[in-house]
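Dear colleague,

Please find below the structure that I am passing on to you. A short account of the findings follows it.

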Amino acid sequence: MDVELIFKVAAVGIIVAVLNLVLTRAGREEQAMLTTLAGLIVVLTIIVKEIANLFAVVKEVFGL
């Protein structure tokens, strides 16, 4: 696992938090919620790709 993964997740989290705050202050709660949901989906796709890579490495190491 790379430190780059942690930085990617943190960057997405910070961007989503700022957008959520700005949209909530502007009175657009629905868009703020959708932005948060989109950020969650982006982070989950990043993590799922890394888990798939982990399983591939484990499969290769144990010859399964």
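In what follows, a residue counts as buried under 20% relative accessible area, as exposed over 50%, and as partly exposed in between. Please note that this is a predicted model.

With that scale, glutamate 4 is partly exposed, since its relative accessible area is 46%. Lysine 8 also counts as partly exposed, at 42% relative accessibility. The side chains of glutamate 4 and lysine 8 meet in a salt bridge, with 3.6 Å from N to O. Both residues belong to helix H1, where they lie four residues apart, about one turn of the helix. The count of salt bridges comes to one.

Helix H1 covers residues 3–25 and helix H2 residues 29–62; their axes are 8 Å apart and form an angle of about 175°. Angles over 145 degrees count as roughly antiparallel, and H1 is therefore roughly antiparallel to H2. On the side of H1, the contact is made by residues including Leu5, Val9, Val12 and Val16, and on the side of H2 by residues including Thr35, Val42, Val43 and Ile46. The residues of this contact divide into ten nonpolar, six polar and two charged.

Finally, isoleucine 15 may be of interest to you. This residue lies in helix H1 and is exposed, with a relative accessible area of 51%. Isoleucine 15 and threonine 35 are 20 residues apart in sequence, and their C-alpha atoms are 9.8 Å apart in space.

With kind regards

Note on methods:
Residues are numbered from 1 along each chain as its sequence is written. This is a predicted model: local features need pLDDT of at least 70, side-chain atom pairs count only at pLDDT 80 or more; totals for chains, interfaces and linings use all residues. Side-chain values use heavy atoms; hydrogens and water are left out. Axes are lines fitted to C-alpha atoms, for helices over the stretch in contact, and angles run from 0 to 180 degrees between N-to-C directions. Helices (H or I, at least four residues) and strands (E, at least two) are DSSP runs, numbered from the N terminus. Angles under 35 degrees count as roughly parallel, over 145 as roughly antiparallel, 65 to 115 as roughly perpendicular and the rest as oblique. Contact means heavy atoms within 4.5 Å. Ala, Val, Leu, Ile, Met, Phe, Trp, Tyr, Cys and Pro count as nonpolar, Asp, Glu, Lys and Arg as charged, and the others, Gly among them, as polar. A salt bridge is a side-chain nitrogen of Lys or Arg within 4 Å of a carboxyl oxygen of Asp or Glu. Buried means under 20% relative accessible area, exposed over 50%, partly exposed in between (1.4 Å probe, protein chains only).
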